[in-house]
Amino acid sequence: MATFRYRAATATGAVRTGAAEAVSRERLYADLKRSGLMPIEAQSASAPKAGSRRIGGGDRQGLINALGELAVLLEAGLPLDRALSVCVDNITSRPVRAAFDQLLAKVKAGAPLSRALEQAEGFFPPMASAMAEAGEANGQLGAALTRLAASLDRAFALRQTVISSLVYPAVLMTVATSVVLVMLLVVVPQFQNLLADAHGKLPLPTRVVLAVSQIVRSDGLFILAGIVVAIVGARAWLRRPSVRLAFDRWVLGTPLIGTLVRNAETAMFARTLGSLVEGGVALPTALSISRRSVSNTHMSAAIAKVAAGLKEGAGLTGPLAASGVFPRMAMSFLRTGEETARIGMMLERLADVLDRQVRSTLTRLLAILTPAVTVLMGGMVATVIASIMSAIIGFNDLALGQ
């Protein structure tokens, strides 16, 4: 099944736009005709277009700032092409500037901003074209882009929090591994010749350290190559849909880490869905687009089933709760939103609450992981030193005894 964004005419001549899943474009046209619509065009929204570019992390903040500036200019009353021209002049990031140059060219050629954003998919997030289209429909494009920029900024802040929290433990583990390798490759060989003649009399820890040092020096490159091959093979294996689905399901079931991933993914999903709904995007379309913001394939598959049921008249909260992949607190927020007809607002509040929980969990994990890695590093270095020193002291005691 592929997702298509379509434009179709009603019996009265009005143009309707939306998104739908179908096996092919021809099948989509047939479905639209059966529902009383006359198809005008349909474009695939399931994968990036040919030639599209993925934005790097360093340019993501520049993209958010440019969208926010464009929203301010539009709300100040500037025409769209003039506002885009001003934005292009103020952008310092070359990839972002090139993307906005393409938007400006397409807008000057007569394309609406929503279609230009959709054709640049892979650089702009999927929700960008949907929110722009909703803003164009109700005449509030500036407000829609303001909401889009704010949503992307919060999501980027959470992403940066996760990355920053993992940097220090990663550096600490790298330093620890480097220190142990220096001990095995440089320090231990200095004593190997001294202790070689009495190998049978050496304590067990000393013999183990000497053996490990010998293996690392003689076969270290083969071991490193094996590790690299194993990592590459594991990544290729995880690209298989069935394997990735099983792995993501397992991750959600792991203690602590599963809760962290579940909360982070739900926060991203809730913020995207809430922004789309508040921006005027129809709930079925918003749900289909929001699903693509979830990287865990098990959760994404559950959302896809709910989206399919929603198009057939099923509800939202009940099917999401039945899937069992979302936090129980999220269902309370969703149920309240449905009952009060403020589902967009409740989703954004849910995202804020989950963001705080994710940051709190990361802080606790970091508080545990940092001293644990420090103790492990100290223990490994102390073990190497103690094993060598115990052998030397044993020789000295033997010499004094004679």
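Predicted model: local features only at pLDDT ≥ 70, side-chain atom pairs only at ≥ 80, totals over all residues.
**Helix pairs**

Two packed helices are described by the angle between their axes and the distance between the axes. The table gives these values for two pairs.

| Pair | Residues | Angle between axes | Distance between axes |
|---|---|---|---|
| H3 and H4 | 80-90 and 94-108 | about 160° | 9 Å |
| H10 and H11 | 257-278 and 283-291 | about 150° | 9 Å |

Helices H3 and H4 pack at an angle of about 160°. Angles over 145 degrees count as roughly antiparallel, and H3 is therefore roughly antiparallel to H4. The crossing of H3 and H4 is left-handed. On the H3 side, the residues that meet H4 are Leu80, Asp81, Leu84, Ser85, Cys87, Val88 and Asp89. Their counterparts in H4 are Arg97, Phe100, Asp101, Leu103, Leu104, Val107 and Lys108. By class, the residues of this contact comprise eight nonpolar, one polar and five charged.

Helices H10 and H11 pack at an angle of about 150°, and they too are therefore roughly antiparallel to each other. The crossing of H10 and H11 is right-handed. Helix H10 contributes Phe269, Thr272, Leu273, Leu276 and Val277 to the contact. From H11 come Leu283, Ala286, Leu287, Ile289, Ser290 and Arg291. The contact of H10 with H11 holds eight nonpolar, two polar and one charged residues.

**Nonpolar cores**

In soluble globular proteins, nonpolar side chains tend to be buried together. In this model, the largest nonpolar core has 74 residues. Leu70, Phe100, Phe124 and Leu287 are those with the most contacts inside this core.

Which residues does phenylalanine 100 contact, leaving aside its neighbours within four places in sequence? Phenylalanine 100 is in contact with Leu63, Ala66, Leu67, Leu70, Leu84, Cys87, Val88, Ile91 and Phe124, once those neighbours are set aside. Another core, of 13 residues, lies apart from the largest one. Val180, Met183, Leu184 and Ile392 are among the residues of this other core.

**Alanine 176**

Alanine 176 is placed in helix H7, which spans residues 141-196. Is alanine 176 buried or exposed? Its relative accessible area is 11%, and buried means under 20%, so alanine 176 is buried. Alanine 176 and leucine 376 are 200 residues apart along the chain, while their C-alpha atoms are separated by 8.3 Å.

Note on methods: Residues numbered from 1 in each chain as written. Heavy atoms only, no water. Axes fitted to C-alpha atoms, helices over the stretch in contact; angles between N-to-C directions. Helix = DSSP H or I, 4+ residues; strand = E, 2+ residues; numbered from the N terminus. Parallel < 35°, antiparallel > 145°, perpendicular 65-115°, else oblique. Left-handed = near helix turned anticlockwise from the far one by under 90°. Contact = heavy atoms within 4.5 Å. Nonpolar A, V, L, I, M, F, W, Y, C, P; charged D, E, K, R; others polar. Core = buried A, V, L, I, M, F, W, Y, C linked by side-chain atoms within 4.5 Å. Buried < 20%, exposed > 50% of the residue type's maximum accessible area, 1.4 Å probe, protein only.
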